[in-house]
Amino acid sequence: MSTVILAVVAVILCVLFRILNVNSEPTKPVVFCKDRNFFESILKMAPLLNEPYQPTRLWGFSGHVQTVVHSIIGRVRCPLPIGERCLVNLTDGSTLTYDVYEPLEAKNIQPEDDFTLAICPGIGNTSESVYIRTFVHHATHQGGYRCAVLNHVGALTSVQVTAPRLFTYGHTDDFDMMLKQILERWPNTRIIAVGFSLGGNLVTKYFGEQRIRPSALLGAISVCQGYCALEGTKWLLMWHNFRRFYLYFMTENMKSIILRHRKVLLSEDVRKKHKLNERDIFSAATLPELDEAYTRRVHNFGSVRELYQWSSSVNYLKDIRSPMIFINAKDDPLVPEPMLSPVRNLACMLNILHSLQFSYF
C-alpha cells in the first residue's frame, strides 16, 4: 500500500512541476523590430526591456497559473477603478456600451498631454473583467491616461441586448463607434488603441481594413492575440498543454451569454430567418461547433471557415499603415509560438510595423 501511495505522490509532484514550470529560467524579451530608432525610443521609456524578467517565485513561471491568477484574481491590493458608463443606440437597434475612466490628475492635464487609451477586451470580457480593471488602474494612476473600455455587446450581465446580435471575432464597427464617441466628447485628445486577446485581433483588423479612421488615432498595441482563427482552432482542439480545457470554458462562456439573452437572440423570428436549432447551439462542445450552429448563420457566412478567414487579423496585416506593437508571451497556454511567425516575419520586412515578443505578460 505504501508503494502505491508513494507512486501516486510522485505522479502528482511530476504534474505539479510540469504545470508550474519551475525549471524555467528568467530570460530577456525577444524583440523583432525593423525601425531601430523606434525601438531605441521605446527602450528609453521602458529600460526594463533590456533586463531578464523575474517572475513571482513558484507559480510565476507557469503560463497556466498566470492566466488564471490575472484573469480571476488580478493583482493584490489593486483598487477597482470607478468610471462612467456610456450607452449608444446603434442604427441596427443594438445598444453599445463603453466605460470611461479619467486619469488621477484629470484637471491638471494640458492639451498636449491629453491621451486616451481605447481598450478592447478579450472574448466575452468587459470593463468589469479583473485584468481590464487592473490595467485601467495602472494606466490612469501611473500613466496619466484617460481610458475608454469597450464592453462587447451581450457580455455585460447588467445590460440586455436590444437587437438579435452579439459581438463577433471580426466585426469592428462597435470599436469604431466608441472612437467616434470619444472624439465628439474630447476633440483634442489623441488615441492609442489597446487590444487584449480577441480585442487585439479586432484592433489589428481595424487598422488593416479599407475604411476611414480618425486622424487622432496614433497607433495600437496588441496583447496576446492569436492572429489566425483557422490555425488557432487546430491548436485549441488538441489536448496538449490543456488547450482543450481552455476551449471548453470559452465555449461554455459563449453559450451562457447566448442563454442569458435567449428571448432576443433566439426568438421565433430569428430562428426561422437564420435556420437556427437551439438543441445544436446548446449542445455544442467546442467553439467551432457553436459557430456552425449559431455565429456564422446569424452573420450570413457560408461556412465557419469563411467566418474565421474574414475575422482573422493575419489577413489584414499587410495593409496596416500605422505604428503598432504586438506583444505575445512565449508561455501562453492558448497561443503557441508557431502562431507568432506571421507578425514576426512582417516586422522584419516593414518599416512601419513593430513587433515585440515577450516571454511574459
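Where is the place of Cys-224? In this predicted model, Cys-224 sits in the loop between strand S7 (217-223) and H7.

Cys-224 has a phi near 60°, a positive value in a residue other than glycine. Most residues other than glycine have a negative phi. Tyr-227 lies in the loop between S7 and H7 as well. Its phi is also positive, near 75°, and Tyr-227 is likewise a residue other than glycine.

**H7 against H13**

Two packed helices are described by the angle between their axes and the distance between the axes. Helix H7 covers residues 229-236, and helix H13 covers residues 304-311. Their axes come within 8 Å and cross at roughly 115°. Which residues meet here? H7 brings Ala-229, Leu-230 and Thr-233. H13 brings Arg-305, Tyr-308 and Gln-309. By class, the contact of H7 with H13 has three nonpolar residues, two polar and one charged.

Helix H4 runs over residues 130-143. Why does its length agree with expectation? At 1.5 Å a residue, its 14 residues should span 20 Å, and the end C-alpha atoms are 19 Å apart, so the two agree. After H4 comes Gly-144, with a positive phi near 75°.

Several residues of H4 are buried: Tyr-131, Ile-132, Thr-134, Val-136, His-137, Ala-139 and Thr-140. An α-helix has 3.6 residues a turn, so residues three or four places apart point the same way.

His-137 deserves a separate look. This residue belongs to helix H4. His-137 counts as buried because its relative accessibility is 12%, and the cut-off is under 20%. Which residues does His-137 touch, not counting residues up to four places away in sequence? The contacts are Cys-78, Pro-79, Pro-81 and Gln-142. Leu-80 is 57 residues from His-137 in sequence. In space, the C-alpha atoms of His-137 and Leu-80 are 7.0 Å apart.

**Cavities**

How many cavities of 30 Å³ or more does the structure hold? There are four. The table gives the volumes of two of them.

| Cavity | Volume |
|---|---|
| Largest cavity | about 80 Å³ |
| Second largest cavity | about 60 Å³ |

H12 gives the most, with four residues. The lining of the second largest cavity has seven nonpolar residues, three polar and no charged.

Note on methods: Residues numbered from 1 in each chain as written. Predicted model: local features only at pLDDT ≥ 70, side-chain atom pairs only at ≥ 80, totals over all residues. Heavy atoms only, no water. 1 Å grid on protein atoms, 1.4 Å probe; cavity = no way out; pocket = protein on both sides within 12 Å on 5 of 7 lines; lining within 4 Å. Points joined across faces, edges and corners; volume = space filled by probe spheres on them. Helix = DSSP H or I, 4+ residues; strand = E, 2+ residues; numbered from the N terminus. Nonpolar A, V, L, I, M, F, W, Y, C, P; charged D, E, K, R; others polar. Expected span 1.5 Å × (residues − 1). Buried < 20%, exposed > 50% of the residue type's maximum accessible area, 1.4 Å probe, protein only. Axes fitted to C-alpha atoms, helices over the stretch in contact; angles between N-to-C directions. Contact = heavy atoms within 4.5 Å.
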